[in-house]
Amino acid sequence: QDKYYLWIGLGVGALVPALIGWIVGRPWGGFLWGGLFRMMFVHHATFFINSLAHMVGKQTYSNLDTSRDSWWLAFFTYGEGYHNFHHTFQADYRNGVRWYHWDPTKWMIALCARFNLASRLNRTPDSKIFNAKVQMELLNVRKKAHSVSHDIWEKMHAQLEPYRIQMEQAHAKWSAVKIHYAEMKISRMRQSQKLLLLWKYKLIARERRFELARKNWQATLQSVRMNLKPVQNFPISNS
């Protein structure tokens, strides 16, 4: 491929589309649309990664550089639109961290792993991703509160901090139970159905506690955004 790169490029990129066009009676149409226009589109989409992916979207996990996450840009860049995640967690094989995020490369690598064609896939721990996202939410609120004095911001931060800690702890406990339950399900050793059911109920309970903690966090964030208007929160529980 390296030795005959030019001939392969011309043949696949220009001659093959022209040949397909000739078969259907439109050789110039195949050459122009299947060849030249396609090349232009693919090259522009490729360089979107170093241009638009640093201009449009949200900085979901970090603001240490200009990279951003954009779901619609992911369609044009084969998943690279989730560029802020890629820059923040560079060793992760994924760009779109959620299963539904458009990322064909992620799906292809995961499929290869299913057939033992890929191994040791590097996945950033969920707790690390979650904590980075929470820190960015807090930073964004701080930016919006730039006009208030330092003392007022300290009061706002003191209002937020207990709910942030509660939510992160609840997420960590839920993640630990989720990992243990998954390991039990795929374990070669036969687990009793009663034990599996017990851990399933524990998983559900931990998930509900996390959802409650996240609801508290979002409500408190909203109260800060609304100039510290009182918001009814659920009682904090460390159980």
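1. In which loop is Ser67 found? In this predicted model, Ser67 belongs to the loop that runs between α2 (27–47) and α3 (71–76).

2. The side chain of Ser67 makes a polar contact of 2.4 Å with the side chain of Asp65. When neighbours within four places in sequence are set aside, the contacts of Ser67 are Ala53, His54, Gln59, His83, Asn84 and His87.

3. The largest pocket has a computed volume of about 750 Å³. Its lining comprises 28 residues, and those nearest the pocket centre are Arg94, Val97, Arg98, Arg123 and Asp126. By class, 14 of the lining residues are nonpolar, 4 are polar and 10 are charged.

4. At least two residues each come from α5 (104–114), α6 (126–144), α7 (150–186) and α8 (193–225). The largest share belongs to α6, which supplies 6 residues to the lining of the largest pocket.

5. The second largest pocket has a volume of about 570 Å³. It is lined by 22 residues, of which Lys58, Gln59, Thr60, Asp69 and Lys133 are the closest to its centre. The lining of this second largest pocket consists of 8 nonpolar, 6 polar and 8 charged residues. Here, too, α6 gives the most, with 7 residues. Gln59 links two of these points: it is in contact with Ser67 and is among the residues closest to the centre of the second largest pocket.

6. The geometry of α6 may be checked against expectation. With 19 residues, and at 1.5 Å a residue, α6 should span 27 Å; the C-alpha atoms at its ends are 27 Å apart, so the two values agree.

7. Which residues of α6 are buried? They are Ile129, Phe130, Ala132, Val134, Met136, Leu138 and Val141. The packing partners of these buried residues are α4 (83–88), α7 and α8.

Definitions and conventions: Residues numbered from 1 in each chain as written. Predicted model: local features only at pLDDT ≥ 70, side-chain atom pairs only at ≥ 80, totals over all residues. Heavy atoms only, no water. 1 Å grid on protein atoms, 1.4 Å probe; cavity = no way out; pocket = protein on both sides within 12 Å on 5 of 7 lines; lining within 4 Å. Points joined across faces, edges and corners; volume = space filled by probe spheres on them. Helix = DSSP H or I, 4+ residues; strand = E, 2+ residues; numbered from the N terminus. Nonpolar A, V, L, I, M, F, W, Y, C, P; charged D, E, K, R; others polar. Polar contact = N/O pair within 3.5 Å; in protein donor to acceptor, adjacent residues only side chain to side chain. Contact = heavy atoms within 4.5 Å. Expected span 1.5 Å × (residues − 1). Buried < 20%, exposed > 50% of the residue type's maximum accessible area, 1.4 Å probe, protein only.
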